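Visitor: I would like to learn how to read aromatic contacts in a model. Please take me through them one at a time.

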There are 2 protein chains.
Amino acid sequence: MAKQKKAQRPKAVTPKGFRDYFGAEVEGRAEMLRKIAGVYHRYGFEALESSAVETVEALGKFLPDVDRPNEGVFAWQEADVPGGGGGDWLALRYDLTAPLARVYAQHRNELPTPYRRYAMGPVWRNEKPGPGRFRQFYQCDADTVGSASMAADAEICAMLADTLEEVGIPRGDYVIRVNNRKVLNGVLEAAGVIKSSGPPHDIQDITIELHYNEKIADAVLRTIDKFDKVGEAGVRELLGKGRLDASGAYIDGVGLSAEQADPVVAFLTSKDADAAGTLANLRAAVGDSKMGAEGVAELEQIADLLAAQGYGPDRIVIDPSVVRGLGYYTGPVYEAELTFEITDEKGRPRQFGSVAGGGRYDDLVKRFTGQEVPATGVSIGVDRLLAALHAKGRMQSETTGPVVVTVMDRDRMADYQKMVAELRNAGIRAEAYLGNPKNFGNQLKYADKRQSPVAIIEGADEKAKGLVQIKDLVLGARIAETASVEEWKDRPSQVEVPRDQMVAKVQEILKGQSQ
Amino acid sequence: MAKQKKAQRPKAVTPKGFRDYFGAEVEGRAEMLRKIAGVYHRYGFEALESSAVETVEALGKFLPDVDRPNEGVFAWQEADVPGGGGGDWLALRYDLTAPLARVYAQHRNELPTPYRRYAMGPVWRNEKPGPGRFRQFYQCDADTVGSASMAADAEICAMLADTLEEVGIPRGDYVIRVNNRKVLNGVLEAAGVIKSSGPPHDIQDITIELHYNEKIADAVLRTIDKFDKVGEAGVRELLGKGRLDASGAYIDGVGLSAEQADPVVAFLTSKDADAAGTLANLRAAVGDSKMGAEGVAELEQIADLLAAQGYGPDRIVIDPSVVRGLGYYTGPVYEAELTFEITDEKGRPRQFGSVAGGGRYDDLVKRFTGQEVPATGVSIGVDRLLAALHAKGRMQSETTGPVVVTVMDRDRMADYQKMVAELRNAGIRAEAYLGNPKNFGNQLKYADKRQSPVAIIEGADEKAKGLVQIKDLVLGARIAETASVEEWKDRPSQVEVPRDQMVAKVQEILKGQSQ
């Protein structure tokens, strides 16, 4: 009978892949988002908060052509419309860019052009969860919709640098790398893999041509993605006949000739000591491809704009080895990488890596309106950036708990709450112990669990004498850790002060603790 | 063909009952939530952010005993578990209290007791949307779990008062009303509607007895809910034989005798000039009901605690006519009401009404663990409070846009971006115009649409002379509105300054505008 009852009780667990965030985690994230919003705001971006729920149709990518369009998203069907079959399929947003496209298309007649907005909030992915991989996580985006100017892209890079410094990543510990999809297309053209017939700024044509040799172009893209791992020689083998990898397996090559591979390798290795050198190398790599030349010119504009604003290569560099996202974007691509070392789960030192990425995309709004709207933007991976700040020791992992006024006499709760009110009015975080006060040890255990800096004690004796006891819990913990109590004897962790000096004394102790 | 293409395009619309929030709306809410969090934090509450998604099982109330448990919630079923039938039903949280119960039950061995947490964020209701009623909205809660002390309830009331003042509702424009469910139960007992046999603090017993005469008790509850509308005489009729309402319809009464109705009416009209008077009236109304006496004693404790902390009846009052939520809670109930008048949609003056409510509930965690855990807490209706602040003129309805550096020569974008960088480094919100610069009028229209305070102009002439033009757009708009330009002639809305004095001049103009 008891067992049956227990079986009926719901399980108190989060769904798989979801988690709870407590205390300092929540406050640290809120504080970081506030700082990022401050920078985005100063740059002229407007806040936007769209709803977490969109129609599957508006989200795109996941069209309801299957019975349940839940590939990658959390989706459900609205209740039947009376007299009209099934309702809309709705879904949780999987990023902040797809909703932006919907918002811009919906409100474009009222919004200014260019529309510059920032957005921050959770997004949801219906993916297999893993260690450190959750199905709900935060993003923080800024985009300029309706501007074809490279100044919009350069500005995003500058803003990323300012943002990282604002949240506590010092200069020298990060670098923003910039690349350009058009340069890669130029390289593919120089390699004879794609052919660009239209005017080079007409992205439609590239798409068509890419489809023509899609398989080879995709294989080249996949290969350059491996540049970091296999190096120049490895990429040459993979672009050619193939390569025997470390495990002994033979990886088939793309099948390009050595001459065809040359521009690709030249592209990947074109980074030089300064932007001018890199750009010259890229110009050589794209040969006479118009598309490639346009891409190089775009990178040059970005480099010039950033130099004029004082963003040197210590913060932002043209780096053609950045290939992440090149397949998705249509022009400039940027990535913020943290360059300091951390120790990975196997104890090996490694660079922290990417915390933000973005680029130019021109076709998102077109889905809705038929009109091509140039847009560029960035997304900061909030949780990775928070992890980086923790790794740098820039985040408190624990908040300071409240001053706890203990309850020695439950009939004098009003006295204790009065003390609390005085402390709070002085701006001090404080509370009276609200559990069962019978066991005084439990009250101190509670203060300990809350990371309380100070406990206040006023028993009948103290009350009669007009005194209160103030316990410095931080000092007390330090004394408890130290073998010799001798050295602490002049600095007792508990002092007795007149009741009317309580607030001043607590302030003094808190000040001392924070030094 | 063109038509067919158009038909394939997705509609750029939010799902029914959802909306987008722009600029000042987003920033105003964020700022308000930050202030509320500051007060909650000072009171010793810890932040908690649980995921938006919970299992339907954990959320409770909506158990999966129907094919699709979407009554009131947005729910969906996880993909099939390999080899094990259907997956879990998941749902978006509909409030912040149900997730708190799950979190506390799940983590109770690690969490301090009492567990004091605050939470803020969107919740979702799958309800029919209406004007001003959305299916996603914000809540902001604080709860103390694991404390039976009335000090916990009194503290929530004090905190509510502090919070309202912190966000900009002045003292005198709000009142926190406190009532108690046990007093109502005592009244029902005095009226002979329910009978409390067990010890009065055992809520289980009340529930059993309530079931016994459930129909009558519910009818009495529904009747007292109408006290605000029909007054004492109306309630007497409705508790008795029935009442002819204003529309001419006859409403059947509960069927109590006049003697049975007496305690109920005494309860509803028991508010006196001070707490002592009200409590005396309540003591009379509950007669010899133990449950009622306990409820009155609880209210007395709360009143004493608040008086000791200096929260007088100008802020918090014992008011037995507050009946909202009495059916849900098990002890003290509180409600924050804004008392200033606004004009409703029909032009009639009316009081703004409730913006927050809460109370004591002892059975939420029991669902999971079988153990009764006393808890008390409050939920602020964030959107209603924001609306109230707008009504009081305490919220900016528009943000100040960025200083816009116009683009007179698109080849000198680097110069313009350098100006922008200087302004931003001085802490001024600024941007260069990033749209197509051909039509200068469009640039000023853009600045206007962005509510920009200042526009900067540097054409070839100015550049040659080392000057910039600075347009005070706020002043310009005021001049344009005024019939006589005469009075403005000494204060031109556009000034020319040396390039190196640009930042200082902009600062001066912005300072003048904010005065």
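Guide: Start with a charge over a ring: Arg19(B) lies over the face of Tyr21(B), 3.9 Å from the ring centre. The test asks for NZ of Lys or CZ of Arg within 6 Å of the ring centre and within 35 degrees of the ring normal. In chain A, Arg116(A) sits over the face of Phe45(A), at 4.2 Å from the ring centre.

Visitor: What kind of model is this, and how are residues and chains labelled?

Guide: This is a predicted model; local features need pLDDT of at least 70, side-chain atom pairs need 80 or more, and totals for chains, interfaces and linings use all residues. Residues count from 1 along each chain as written, chains are lettered from A and ligands numbered from 1 in written order, and side-chain values use heavy atoms, without hydrogens and water.

Visitor: How is a pair of aromatic rings described?

Guide: By the distance of the centres and the angle of the planes. Rings of Phe, Tyr and Trp (its six-membered ring) pair if their centres lie within 6.5 Å; planes under 30 degrees apart are stacked, over 60 edge-to-face, the rest tilted.

Visitor: How many aromatic pairs are found over all chains?

Guide: The search finds 13. One of them, Tyr104(B) with Tyr115(B), is stacked, at 6.4 Å and 20 degrees.

Visitor: Are Tyr104(B) and Tyr115(B) buried or exposed?

Guide: Both are buried (under 20% relative accessible area, 1.4 Å probe, protein chains only; exposed is over 50%, partly exposed in between).

Visitor: Why is the pair of Phe340(B) and Phe352(B) tilted?

Guide: Their planes meet at 35 degrees, with centres 5.9 Å apart, so the pair counts as tilted. Phe340(B) and Phe352(B) are both buried.
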